[in-house]
Amino acid sequence: MNMARLVLRRGFDLTEGVLGRVFPPAWNPMLNLGALGFFFYWIITVSGIYVYIFFDTGVDNAYASIEYITHEQWYLAGIMRSFHRYASDALIVVMMLHLLREFARDRYRGVRWFSWVTGVPIMVMVFVAGISGYWLVWDKLAQYIAIVSTEWLDMLPIFGEPIARNFMSPDALESRFFTLMIFMHIAIPLIALAILWIHLQRVAKPRINPPRGLAYSVFVALIALSLAHPALSQAPADLAVVPGNVGLDWFYLPLFPLLETLPGSLTWGMSACLLVIMIAMPWLPPLKRARPAAVDLANCNGCARCFHDCPYNAIAMVARSDDTAFEREPVVNPDFCVSCGLCAGACPTSMPFRRLSALSPGIDLPDRTMAQLRDLTEKAARSLTGTQRIMVFGCDSGPDLAAVSSASVGVVPLVCIGQLPPTFIDYVLSRNLADGVLLTGCRENSCNARSGIEWTNNRLAGERDPNLRARVPRDRLRTAWVGATGGRHLRDALETLARELNDADDYVRPALAAKCPPAAREAVDA
Amino acid sequence: MRDFFKYTGQFVFFLLVAAFIGYFSNQPVYQQTPDGMAQIKLSFAHGAARKVDCRKLSSKEIAQLPANERRPNTCARERVPVHVQLVLDGELLYDAQLQATGLSRDGPARTYQKLIVPAGPHTIIARLRDTRRDTGFDYEAERQVMLKPFQNLAIDFKADTGGFQFR
């Protein structure tokens, strides 16, 4: 499992990297798979409603009505039909990529089991909805699907008379099957939409719309495809002949040839096993998760920044339970918390300058505390030499930090870059622990904890609390959102920063407080 | 120049994705039935005779039954298996003993068979036994057919309309 995940992760890293060269970070299609899925869903819905206006639901006229849509009103209904087909195919593509990507990034275990498990029925429903849609055209492909589907269902010993007998000969078929199929084709996507809503319940501010530019581009590509290669029906269904050669939609029907050739017990058994494995995957094996964030009310003023910054709705603000004058306090739901540390990075009491009292923020990760982070920073600083000393803060999901560690580059790993309070940058530069700071992590728009990079960028730009103080010299600070495979780009960024530090104006550091700790003094002396 | 390459890259990406989706939405063609072959589909659901004949109840037995369950006969539920054979040009193509469905084996026996045969002229004989006899058949039908390539010949069985139906 780990090997498969690593191989896939490497593949996604490379693909995202290649696409990152031609797309702006916000537009990268690989980083918008879920949002693109929603976009295709809406295209399918709108085009489906329009096509349905002209569709005749009777078995005798269904094919003719689709032909009218395709050829007589090609300029609108025909394009809508092609839209409906190709957006459905594209939905399968982005849905499967989304599933594989979450698996590759190990974002389906631990508290993320909920989104994974609720995604499984959605996937099944998308397939069933698509297959039932092909049935309605009642062409040769529909005949093939109808016969193979019903024969497969008949392998379950639950039907009084084989359903496939409805397709024995031309005189056996009745329109009631079409009524059932239309009902399924409309009802199943609606049920899937309801489950999609549940699917997103544990995600704060989910991205359900792709960036406008990407959406326009995809839309234009679909129009071009619909005009250049319109979706057409195959020969009309005729139960007096077998379908023979069928043009299959391989996105929806790749397993159909197997369904009709392999024994039913095998195909049903494999399907059941696959479904059970898919549902059980978050516990195969369970994630050895870090402890969830913990609130320290003695240091919390109830500012709610952690509540606003949590990407997983794991924090709720409730009435204060201690005797202080503050109104509210955060409460962490351990079943939702992924231990990303974004809450600790947002806490105004995550202040490394604190020396009179212990560095204990209002909310912190018990396994990767702010105090430990400060110790790691100071330890890394002590070994730095030269005049272009750079401190690199990077997340566990980003590039390999050890590979860039040297006498002039100190590295401090974090769970997520969003765990880093901006005050740490001020601390490093003002206390002369380094001459420059570089923040690195996942690829932009691809943060493993969803919002770490966005919040960090906003904090550095002064757009989100806690802000980076104005006194911090921006020419000594760089970011490099390069992802796990971006080691070379990270080295380039470090070389650039080192050159710029060489040319940078002298930084007049704020006077050290009288109670400056020995470690910092040593660093200054060095 | 850098922007030009980016826009070109985006164009190429969407072109490739559109081509990928457009192609695999109906290609490559899948050949479900080999060229020059036809299909015989034999399917029916038929209730065979009871394994044991119904027996007349004596007036004493009838009197012992609850008033709302009194009836002149009593019948065991189980039915005999249906024996069916399909012979094509003198060769036995399908031969099966179909058990009655249901937990008490009192439902209809069912079959659904797809048999791929070469197109061309054929003599088809269908036979079915649905009684307790040990040998011979209760129904038999013979047809000379000219099967075209990809033709689907449906063979159904309905006892109340005379037995086998070729469609």
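Me: What is the handedness of the link of B:Cys54 and B:Cys75?

Reply: The link is right-handed, with 110° about the S-S bond. This is a predicted model, where local features need pLDDT of at least 70, side-chain atom pairs count only at pLDDT 80 or more, and totals for chains, interfaces and linings use all residues. Residues are numbered from 1 along each chain as its sequence is written, chains are lettered from A and ligands numbered from 1 in the order in which they are written, and side-chain values use heavy atoms, with hydrogens and water left out.

Me: How far apart are the sulfur atoms of B:Cys54 and B:Cys75?

Reply: They are 2.0 Å apart and form a disulfide, a term for a pair of cysteine sulfur atoms within 2.5 Å. The pair links distant parts of the chain, 21 residues apart. B:Cys54 is in the loop between β2 and β3 of chain B, and B:Cys75 is in the loop between β4 and β5 of chain B. Strands here are DSSP runs of E with at least two residues, helices are runs of H or I with at least four, and both are numbered from the N terminus.

Me: How many disulfides are there over all chains?

Reply: The search of the whole structure finds one.

Me: Is A:Cys447 buried or exposed?

Reply: A:Cys447 is buried, at a relative accessible area of 7%. Buried means under 20%, exposed over 50% and partly exposed in between, using a 1.4 Å probe and protein chains only. A:Cys343 is buried too, at 8%. B:Cys54 counts as partly exposed at 40%, and B:Cys75 as partly exposed at 33%.

Me: Changing topic: what is the strand order in the open sheet of chain B?

Reply: The order is β7-β2-β10-β11, with mixed pairing. β7 and β11 stand at the edges with a single partner strand each, so one side of each has no neighbour in the sheet.

Me: In which sense do β2 and β10 of chain B pair?

Reply: Parallel, over four bridges; strands count as paired if DSSP finds at least two bridges between them. B:Gln39 stands opposite B:Asn152 in β10(B).

Me: And what does A:Thr377 touch?

Reply: Leaving out residues up to four places away in sequence, A:Thr377 touches A:Met391, A:Phe393, A:Val412, A:Phe424, A:Val428 and A:Leu433. Contact means heavy atoms within 4.5 Å. A:Thr377 lies in helix α13 of chain A and is buried, at 0% relative accessible area.
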